[in-house]
Each structure stands twice: as C-alpha cells, then as structure tokens.
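This briefing walks through one protein structure, beginning with a helix and then turning to loops, a strand and charged pairs. Please keep the sequence and the 3D view open beside the text while you read.

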Amino acid sequence: LLEKESLIWFPCYKEAPNGYGGKFVMAHKLCRSFNKDGAEDPSCGQYRVTHYGPDAWGRAFGPLALDQFLLFCHALDCLIKEGQGVGVGCGGSSEERANAAVLIGGYLAVRHEWSEDQIKEAVGPADAELTFACSWLRNDAPRVLKVTDCWAGIAMACHMHWLDSSLIEDHEVIKKACAAYRTMGTTYDAAWLAPGYVMVCADPVTTVADPNPNTFMKIFPDEPTAEGTVASTGPVTATTSQRSSRRSFDSCDTVCKDYRISENIIKADDQEALSFVTLLQECDIGLVVRTNCVDEPGMPGYTYDRRRLMDYGISHADIFIEDYGGGLPSPSQVSRLLEEADGYAAAGGAQGAAIHCKGGFGRSVTMACLLTIVRFDLPGRGLLGWVRITRPGAVTTTKQERFICRMKGKQDVLQYASPGKNICGCAVL
C-alpha cells in the first residue's frame with residue numbers, strides 16, 4: 001500500500017505468508033487498550049455498543065468504534081516507523097475482513113490524507129464493496145453501508161478537521177482522546193457527530209436510571225441525588241403531540257435498554273460525574289431537540305421537563321417522530337428542525353445542538369445527520385459511514401440508512417424539508 005513495501009495488506013491471512021520478511025500482525029490486535037491496572041481490554045478489536053449486550057444489537061458486527069480505530073492507527077504508525085515493513089492480516093470471515101479493511105483504509109486517510117478513491121484503488125474493489133448489516137438488524141434485509149462509505153466518512157472527517165494525523169502520533173494524546181470519547185459514551189450515552197456543532201445522545205432519563213455506577217446521577221445540577229437512586233425529573237405535562245399515538249410499536253428496531261447488564265459493573269473511579277445539564281453547558285450546547293415522546297414504551301418513566309432545561313438558558317424543541325415504519329422524519333419535521341437551529345443560532349451564545357431520541361441511535365441520529373449535512377454541505381453516504389464509527393449502534397433501520405444516503409448535500413435536505421419550493425439556501429448554525 002505504501003512505498004518501499006512499508007505497509008502490505010494481507011486479507012484473509014492469519015499468519016505471515018512464506019517468504020515475507022517484515023513484521024506481520026493481525027488488524028484487531030492493533031486495537032489494544034489497557035485498563036488502569038494494566039490489564040488488556042478483552043473486547044479490543046471486537047464490535048460493541050456501549051450499555052448494550054450482543055443480544056440487543058442483532059446481526060450488526062461493525063464497523064469498530066472510533067476509539068478502537070484511533071488505537072489501531074497509532075499502533076500501526078509506530079510499527080511502520082520502526083522501518084522493517086509491516087504486513088496486516090485479518091481473519092477469514094467477510095465480517096472480520098470488512099472491519100479490518102475499514103481500519104487499514106482509514107489509516108491511509110488519516111495519516112497520509114488519501115481520498116476514498118485513492119484508498120479503493122490501493123486496497124482493491126473487493127474489500128471496498130464489502131457491506132455491514134444495519135445496527136440492531138434481526139433479519140437478512142439487504143445491506144446498505146459499504147466499507148468504501150466508511151473510508152469516505154473518515155476522509156470527510158479529516159477534511160473537516162474532526163480528525164487529523166497529529167491525533168495518532170503521540171501516545172499521551174491518543175490516550176486522552178480515547179478516554180474522553182469513552183467517557184461520553186459510558187457516562188452520558190452520547191457522542192459528537194460533528195464535534196462542537198452536533199451531538200447525539202439517549203434521552204437522559206434512560207441514562208440516569210441506569211444502575212451502571214459510571215453513568216451520571218442527576219440531570220439538573222441543583223438536584224440532590226443520593227448514590228444508588230434515580231434523580232427525579234419532576235412532573236411532566238405532555239401534550240397530545242408529545243404522546244405516542246400507538247401504545248405498541250411495530251418497529252422491530254426500537255431500542256430499549258436492558259438494565260440488567262449494568263448490575264455487576266464496577267465504578268471506574270470515585271469522582272461523581274457532572275450532571276447532564278452541566279455537560280451541555282461545558283460542551284457549549286445551546287439547543288436540545290427531543291424526538292421521542294414523553295411516555296414512550298421502553299422508557300423507565302416520564303422524560304424530563306423541558307421547562308427546567310430552558311431555565312438554564314438552553315433552548316429546547318420537541319419534534320416527536322414515531323418509532324415505527326422505519327422511524328423517518330416527515331418534511332415538516334425536518335423543516336422545524338432547521339427553523340429551530342436557525343433560531344437559536346441567530347440569538348448568539350452557545351453554538352452546539354444536542355439531538356436525542358429514546359436510545360440515541362435511530363431518529364435522533366437521522367435528524368442529526370440532516371442538520372450536519374445542511375451545516376457543512378456534506379454527502380449523506382459518507383456521513384453514514386462516519387456516524388456508524390463515532391456512534392456504534394447508530395441508525396436503526398435500513399430505511400433510515402437509505403434516507404440518509406439519498407441526501408447528496410445541503411440542497412437535497414432543504415428540498416425535502418420544503419417540497420415544491422425553489423430552495424436557494426438556509427443559514428442553519
């Protein structure tokens with residue numbers, strides 16, 4: 001892949017081919033991380049969704065999370081710098097090969113600023129066309145996301161300066177970056193889609209109710225919360241539009257947390273996590289958009305009172321999208337999102353927006369992708385690849401995947417939001 005055979009890709013090889021004199025390593029082994037006691041994380045190089053067990057995420061197997069990708073890039077870069085040449089192999093299954101192909105192609109994008117087309121030419125079309133099952137999928141529905149989409153997403157993130165080569169060159173920098181990323185996922189069930197601008201997360205009520213001792217203990221900073229109890233969100237008055245019109249949902253992709261998997265988790269440290277609102281303030285979030293209803297099936301209780309959030313100077317909008325039939329937003333709902341984003345941006349102050357649904361994977365991610373596409377005029381297919389890496393479990397139906405991919409840029413989203421109108425632009429963020 002690189003000059004002087006400093007990097008060679010050996011797909012489906014589990015050991016060095018005869019006659020190869022460089023250092024041979026399996027791709028997933030370069031994703032190693034260690035806990036504070038120095039023990040290796042046993043899940044390194046494996047797909048996982050924070051707060052959920054394997055039974056929950058169905059047939060999904062990748063791509064691997066952002067922290068594992070960064071660790072891979074750093075470890076591979078260190079080996080190449082040793083000068084003896086590195087051969088990277090992977091297991092024999094198509095799933096292992098797809099994950100490994102994303103890693104090695106992504107490295108070329110981050111470290112050497114290669115484009116998607118350059119990577120595809122070097123790695124080969126066979127690997128580029130490998131596909132990933134939709135998150136939470138439980139049947140054999142056609143797959144949408146390809147390895148090449150993930151390469152496009154990583155290259156896009158580099159172009160947007162969400163990633164850069166300096167991040168993978170220093171061991172301490174990579175440790176801090178991975179720790180910050182994991183804290184967002186573990187403590188707040190959240191992730192940046194567009195760092196500094198668009199965040200996605202689960203409804204905070206589902207996270208504060210989690211018995212996992214590493215999650216935050218209160219939503220609002222002025223709530224006294226004893227350890228082991230759930231912070232009260234106060235009474236919530238729900239309008240008809242905020243309630244689900246269906247008492248049972250027909251989407252097999254609805255995501256519900258199983259809190260039993262958290263019961264035996266040990267707290268990572270003795271420091272209490274910041275409240276959810278304090279996190280929003282420290283992340284410069286000025287708008288929160290709730291896309292789930294206040295009493296949705298799978299919620300541990302009523303959601304938070306939006307009026308309390310607004311008391312802290314954070315704008316709030318309820319844009320309820322029912323989680324059935326694919327969980328897609330209507331044109332009017334997308335239009336409302338863009339109007340809300342324009343409104344709080346025009347008021348000045350905080351620059352970021354946080355969008356959540358119940359689990360923070362489907363409806364919220366779809367809306368967050370649309371907002372990001374409009375803000376930066378990005379292609380939806382590459383953004384789908386990126387969000388599947390930065391938020392494992394993201395995008396819960398194939399209809400959502402295809403919908404995001406349909407958006408080639410800003411104008412497509414604006415046209416969808418205002419069908420029949422001649423769209424010339426929108427300020428958004």
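In helix α5, the residues V147, T148, D149, C150, W151, A152, G153, I154, A155, M156, A157 and C158 are buried, where buried means under 20% relative accessible area, exposed means over 50%, and partly exposed lies in between (1.4 Å probe, protein chains only). Helices (H or I, at least four residues) and strands (E, at least two) are DSSP runs, numbered from the N terminus. The model is predicted, so local features need pLDDT of at least 70 and side-chain atom pairs count only at pLDDT 80 or more, while totals for chains, interfaces and linings use all residues. Residues are numbered from 1 along each chain as its sequence is written, and side-chain values use heavy atoms, with hydrogens and water left out.

**Helix α5**

- Helix α5 is mostly covered, since 12 of its 13 residues are buried.
- Just after α5, the residue H161 takes a positive phi of about 65°.

**Helix α7**

- Helix α7 covers residues 171-188, and its 18 residues should span 26 Å at 1.5 Å a residue, which agrees with the 25 Å that separates its end C-alpha atoms.
- The buried residues in α7 are I174, C178, Y181, M184, G185, T187 and Y188.
- At the start of α7, a side-chain oxygen of D170 comes to within 3.0 Å of the backbone nitrogen of E172. For reference, a polar contact is a pair of N or O atoms within 3.5 Å; within protein, one must be able to donate a hydrogen and the other to accept it, and residues adjacent in sequence count only if both atoms are side-chain atoms.
- Just after α7, the residue D189 has a positive phi of about 50°.

**Backbone features in loops**

- The peptide bond that runs from G62 to P63 is cis, with omega near 0°, and P63 has its place in the loop between β2 (23-26) and α1 (66-81).
- W136 is a residue other than glycine with a positive phi, near 70°, and it is found in the loop between β4 (131-132) and β5 (145-146). With a relative accessible area of 4%, W136 is buried.
- D377 is also a residue other than glycine whose phi is positive, near 55°, and D377 lies in the loop between α12 (363-376) and α13 (380-390).

- I8 has its place in strand β1 (residues 7-10), and I8 is buried, with a relative accessible area of 18%.
- Although I8 and G85 are 77 residues apart in sequence, they are 7.9 Å apart in space, C-alpha to C-alpha.
- If its neighbours within four places in sequence are left aside, I8 is in contact with L1, Y20, V86, G87 and V88, contact meaning heavy atoms within 4.5 Å.

**Salt bridges**

- A salt bridge is a side-chain nitrogen of Lys or Arg within 4 Å of a carboxyl oxygen of Asp or Glu, and by this rule the count comes to 18 salt bridges.
- K81 forms a salt bridge with D77, with the closest N and O atoms 3.3 Å apart. These two residues, K81 and D77, are 4 residues apart in helix α1 and are therefore separated by about one helical turn. K81 counts as exposed at 52% relative accessibility, whereas D77 counts as buried at 4%.
- K120 forms a salt bridge with E129, where the closest N and O atoms are 3.4 Å apart. K120 counts as partly exposed at 29% relative accessibility, and E129 is partly exposed too, with a relative accessible area of 34%.
- The side chains of R381 and D149 meet in a salt bridge (2.8 Å, N to O). R381 lies in helix α13 and D149 in helix α5 (residues 147-159), so the pair ties together parts that are 232 residues apart in sequence. R381 is partly exposed, with a relative accessible area of 32%, while D149 counts as buried at 3% relative accessibility.
- Through salt bridges that share partners, D77, K81, R111 and E169 are joined into one network.

Terms used. Expected span 1.5 Å × (residues − 1).
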